[in-house]
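This briefing is intended for a reader who has the coordinates at hand. Please consult the sequence and the structure shown here before reading the points that follow.

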Amino acid sequence: MSRVVVGISALDCESAVAILVDGKVAWAASEERFTRRKQQAGFPHRSLEEGLRYASLSPKDVDAVAYSFLDARREGREQLRNFRASLADELRASTPYSARAYHVYRFARSTANGVLRLQPRYHRQLIDGLRVHQLEGKLTYVPHHLTHAASCYRTSGRDRVLLVVMDGYGTGECSTIWLGEHGRMRQLASIRSPHSLGNMYASATQALGFIPNRHEGKVLGLAAHGNPEPVRGKLLEHVRNTPGTYRIESMIHLEREARRFARELRREDVAAGFQSVLEETGVAMVRHYVERHETPFVAVAGGVMANVKFNQRIAEIPGVEDVWVFPAMADAGTAWGAALCDSGAAAPSPAERLRDAYLGPDYSAQEIEQALRRQDLQPLAVDDLERTIAVLLTTGACVARFDGRMEFGPRALGNRSILVRAIDPTTNDSLNKRLRRTEFMPFAPVTLWEHAQACYRNIDRGRSSAEFMTMTFDCTDRMREESPAAVHVDNTARPQLVRRDVQPSYHRIVEEYCRLTGIPTVINTSFNMHEEPIVCSPDDAVRAFLDGDLEFLALGSHLVANPRAPRTREAMDALRDSRMGVAATT
Ligand SMILES: [Fe+2]
């Protein structure tokens, strides 16, 4: 009899479901992809339903449900502890009395709101949701940071590894360090709220006019354009680093400072200042434990680890040889982490590294054909799809690719991706315009695994992470010359390395492109419209394809052209010249 565990992530933001059968992940997907609402909160009904169906399981087969928070009463108690600590900080802070009184009032109000309203509400939603799916009575609660730690340890491919978790807040903690050894995890350090680097960074996001806990990537993109110094010095008056730990003197005061910086300084400089303090503080803490426990291997998770540049800095710590970033590092990934903490199952060996993140739904040929028919789209007759896509890419056309199971985590890794060549630096502006996105970071590249060394420096310090686009690397001269559209102003890129043994068809597209151009890299950006979740179903894909005015859509084994898109005609001509055997015309 196999043991089936359903993991459910926190319901406050982007809820997700993971299903583990005998410790192996059979399904993982965020609810937002099904409801089509970005960061969908609440009970993940759809993902649970689809997941059980995908794995051919009924509720009766489920042995346990693991939730990545404690129950409302205990989470509430942690929040009250957090409030007392904040209060003490505020009273110590050197702000005027009236400002302190106001801060304390605001903190008290938000804590009361959390304890009396939000926590009980999420808890009710959880219990009600489980009842709907006949899973009541199987629930276990797991402390939040433990779920993050388990997620990065059990997928790391290492037996002895330092685990670093940093996020906004969870079960009273915001930064924790663990030692994973012989399959067990031991906590070495815990920094409790309110000393949250995640919340500190989010205050910059908000002050700069973006949505906190969503648009941190925009702040990171801006940071490379700025000078950190004016803000860095001021911030470090509030952030105290001591060996192995740090303190943020007054969180509320810091938020106020962030707003003042945003009013008075260039936003690039504000972003650069916050980024540099995050890097400095986080790296000092990690470095202390790397040295003390002599661990060359580090694995990380938590929302802060969505910061790809911070991950690069961790990889640059002297003595660190390899950093593994759990691909679903933010809270959606805790669904998986919580399920991994299930005590009734034999835990998967941490020495088995995660192979891929294609863990969501896939669709039959019939469903794909129906989606095309619904929009009157006539597929082209193509005898070699991968090679054809490569030829189209050489002309500068965009090809959206939809195939196989959907990725889990924030990145599209080829199965729900838009591909375009990286040789033209103006691509970023033109494609962002078409997709109605505002980004301050260039698109990310996908590079053949075999050519990684030629394109990126120090790739071995994060080769596994680079399969999942979770870390930046400095680029080589060759990369900068051949693929300028994918290189940021600070000479870094956030690559996906594609392996033939993991993704043969996707790998072959880039390989054929390389054969035609000599360049082992194209751009891979997520297949979605502005502020929309990444596409999930063939219908979503067709809609986004037409809406974004993209030239081509490779939907399963079919290829369709959009005659209204700017480069379609030119690309079709190139295809005919290449004698690729395309029968239909647009
Ligand atoms: Fe978290």
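**Helix α5 and the iron site**

Helix α5 (residues 144-153) is mostly covered, with 9 of its 10 residues buried; buried means under 20% relative accessible area, exposed over 50% and partly exposed in between, with a 1.4 Å probe and protein chains only. The model is a predicted one, in which local features need pLDDT of at least 70 and side-chain atom pairs count only at pLDDT 80 or more, while totals for chains, interfaces and linings use all residues. Residues are numbered from 1 along each chain as its sequence is written, and side-chain values use heavy atoms, with hydrogens and water left out. Helices (H or I, at least four residues) and strands (E, at least two) are DSSP runs, numbered from the N terminus.

- The buried residues of α5 are His144, His145, Thr147, His148, Ala149, Ala150, Ser151, Cys152 and Tyr153.
- The elements covering these buried residues include β6, β7 (173-181), β8 (184-192), β11 (297-301), β12 and α12.

- His144 (NE2), His148 (NE2), Asp167 (OD) and Asp331 (OD) are the protein donors of the iron ion, at 2.1 to 2.3 Å from it. Donors are N, O and S atoms within 2.8 Å of the metal (3.2 Å for Na, K and Ca); water is not among the atoms, so sites may look incomplete.
- Along the chain, the donors follow the spacing H-x3-H-x18-D-x163-D.
- Distant parts of the chain are linked by Asp167 in strand β6 (residues 161-170) and Asp331 in the loop between β12 (322-325) and α12 (334-340), which are 164 residues apart.
- Both Asp167 and Asp331 are buried.
- The arrangement is irregular because the 4 donor atoms subtend angles of 90 to 167° around the iron ion. Four donors count as tetrahedral if all angles lie between 85 and 135 degrees; four count as square planar and six as octahedral if opposite donors are over 155 degrees apart and all others between 65 and 115; anything else is irregular.

*The open sheet*

- An open sheet with mixed pairing is formed by 5 strands in the order β3-β2-β1-β4-β5; two strands pair if DSSP finds at least two bridges between them.
- Its edge strands, β3 (24-30) and β5 (139-141), each pair on one side only.
- Strand β1 (residues 4-8) pairs with strand β4 (residues 64-67) in the parallel sense over 4 bridges, and Val5 stands opposite Ala64 in β4.
- Helix α2 (residues 45-54) lies across β1, β2 (16-21) and β3, and runs at about 150° to β3. Axes are lines fitted to C-alpha atoms, for helices over the stretch in contact, and angles run from 0 to 180 degrees between N-to-C directions.
- Helix α4 (residues 97-132) also packs on the sheet, where it touches β1, β4 and β5.

*Helices α7 and α10*

- The axes of helix α7 (residues 216-223) and helix α10 (residues 267-293) come within 7 Å and cross at roughly 105°. Helix α7 is therefore roughly perpendicular to α10, a class that spans 65 to 115 degrees.
- Val219, Leu220, Leu222 and Ala223 in α7 meet Arg267, Glu268, Ala271, Ala272 and Gln275 in α10; contact means heavy atoms within 4.5 Å.
- His293 lies in helix α10 and counts as buried at 17% relative accessibility.
- Leaving aside neighbours within four places in sequence, His293 is in contact with Arg160, Leu179, Arg186 and Leu188.

Note on methods. Angles under 35 degrees count as roughly parallel, over 145 as roughly antiparallel, 65 to 115 as roughly perpendicular and the rest as oblique.
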